[in-house]
Structure formats: C-alpha cells, structure tokens
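Welcome! Please keep the sequence and the model in view as you read.

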Amino acid sequence: MYRKIILHYLFLCMAVFLSWDVAHAKSSLTLDSFKIGSRFMVIDGDEGRFREDNYVTDNYSGGLEELMLSGNIKDAILSIEAHALYDGDYGLNLDLAKEDSYFLKLNTRLTRRYYDGSNEPWDPASYGLGRETAEKKDNHTYTDRFDTDVEYGIKLDSLPDVTIGYTRWSRNGQETLLRGEEVAFTGLNTLRSSVIAADVDGVSDKAFVQLSKQINEKHNVALKQQIELYHDDQAILSSRYSNGALNQQRNYYDEPQFQESLTHASYNSFLSEK
C-alpha cells in the first residue's frame, strides 16, 4: 500500500517538476484550485457493511481533496489534476497537448475496498486456541486496486496519426468469504467460525497501437491493435480445529490467466455541413 502511495507522489512530483522546469522556456503554470479537508464519520451499527457498500472508510479521512494546475510548455497546453485522501483514494491526471502536433495523457488512481466480515465474535481461548485464529476486524480486510493509463499520440504530415497506449490494473489484498471452518471442543458447541479468506494478487497489462486518418476533413478512419496479458492469484487456506489442535487444513488455489488480442477498425463521417 505505502509503496503505491509513494509511487503516486512520485508521479505528482514528476508533473510538478516538469511544469516548474519549463518556466525557463517561455512557459507558465497557474494554480487554479487547491482544496484540503478532513472528515470524521461515526457509524452506529455494522461498520464493515458500510465500508464495503460505500467504498469509503468511517472514522477519520482527509488530505488533499483537489489540486488543479494549468499552463503551457512553449506551445503545448498543460493540465494537472491530483488528489490524495487518507486512507484509500489517491489519483493524478496529467494532460499535455500541442495542437496539430502531439499529446500525452497520464491517469493513475489507487483505491481501497474494504470487505465486511461475519460480525459474530467468538472467544478462541474457550476452545484452546490463540487470538490469531479469531476473525480480523473489518477495517483490516481490504483489497487495494491500482489503475494506470498512459497515451501518447503524434500527428504526421501525409501519414496516419499514431497513438500508442498502455494500461495496467492490479489488485492486492484479502477478501472475506462469508463462511467459516469448524471449531470443536469437548463440552462446547461446535462453531463454523474459523475464518476463511481469499488472498488475491492480480494484474492486467494492456498495450495498443492505433493508426487514424481524416480524409477531406470529413471522413475519419482508424485501425487499432491491442493485446492484454491477464494473470491472477487466488489462494484460500481453511483450517479446522478440535480441542485446541489443528485437525484438518485445506488449501485452495486458483491461477486464472488469459491473453487477448483485439483488432478494431472504425469509420465515421460528418454527413451534414451543419
């Protein structure tokens, strides 16, 4: 989590440095909007369900809610938007474009999704077990998702315009499954309370090249070739206890993956002069 937060701030520093550096090259940068804030939210009831359904955390949250910068680098127009909210929402958007020449777009975002547990606490000590077998609190069960999109396009005289792009999304964390393994102890009720959770670690990489051309200022044709490489790891460990000792343990592992190749051709035209 912290590694990805640092990465976001590196992106932000890179954007600010790029903007600052061009001040020596007939360029300008304006702070259009700056907003910070904090929030404290109290939930009376199932806090885990609130987090899972609303994609936000309760208690304290805050930080940089909005940062907007605009300016130019020589003849190119620059736009930067960023936010960094604790805990679980960090983003940066950067647009750099020179008319009839090139453009560069960078969009990144890190979000955190919490998962609700069973909310049925039990005392592992009564069953001869340590606290590590108890269900984690809802605020400790979450998955982080990191999305990044980069596009670069260039216009070429007498040739098709070229756009290349790269997209990556990744997720890492733990998802709670609403079922549990058996915990038994002589003289006590048998419980289905040994937590079963799925550890997830997945990533998808996409890359594309697109050729496009406008003919007679009216007809637009484009050809796009895209590939995707997807790989995910999902591991589930279930442990069954009896009289304070491990009785059975099962491992479930799934590794879904695929490769996609997409070819897309398109045509549109301005049929009316209006």
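## A buried charged pair

Asp 58 is buried, at 2% relative accessibility, where buried means under 20% relative accessible area, exposed over 50%, and partly exposed in between (1.4 Å probe, protein chains only). Arg 51 is buried as well, with a relative accessible area of 3%. These two residues form a salt bridge, and their closest N and O atoms are 2.7 Å apart. The term salt bridge stands for a side-chain nitrogen of Lys or Arg within 4 Å of a carboxyl oxygen of Asp or Glu. Glu 47 joins in too: Glu 47, Arg 51 and Asp 58 are linked in a network of salt bridges.

## About the model

This is a predicted model, in which local features need pLDDT of at least 70 and side-chain atom pairs count only at pLDDT 80 or more, while totals for chains, interfaces and linings use all residues. Residues are numbered from 1 along each chain as its sequence is written, and side-chain values use heavy atoms, leaving out hydrogens and water.

## Salt bridges between strands

How many salt bridges does the structure hold? There are 12. One of them joins the side chains of Arg 109 and Asp 89, at 3.0 Å from N to O. Arg 109 lies in strand β5 (residues 102-114) and Asp 89 in strand β4 (residues 89-98), so this pair ties together parts that are 20 residues apart in sequence. Strands here are DSSP runs (E, at least two residues), numbered from the N terminus. Arg 109 is partly exposed at 40%, whereas Asp 89 is buried at 18%.

Asp 205 and Arg 168 form another salt bridge, with the closest N and O atoms 2.7 Å apart. Because Asp 205 sits in strand β8 (residues 191-215) and Arg 168 in strand β7 (residues 161-184), the pair ties together parts 37 residues apart in sequence. Asp 205 is buried, with a relative accessible area of 18%, and Arg 168 is partly exposed at 33%.

Strand β2 (residues 59-73) and strand β3 (residues 76-86) pair in the antiparallel sense over 10 bridges; two strands pair if DSSP finds at least two bridges between them. Leu 64 has Ala 84 in β3 as its bridge partner. The hairpin of β2 and β3 has two residues between the strands, and Lys 74 takes a positive phi near 55 degrees there.

On to the next hairpin. β3 and β4 pair in the antiparallel sense over nine bridges, with Ser 79 opposite Asp 95 in β4. Two residues lie between β3 and β4 in their hairpin, and Gly 88 in the turn has a positive phi of about 120 degrees.

How values were computed:
Helices (H or I, at least four residues) and strands (E, at least two) are DSSP runs, numbered from the N terminus.
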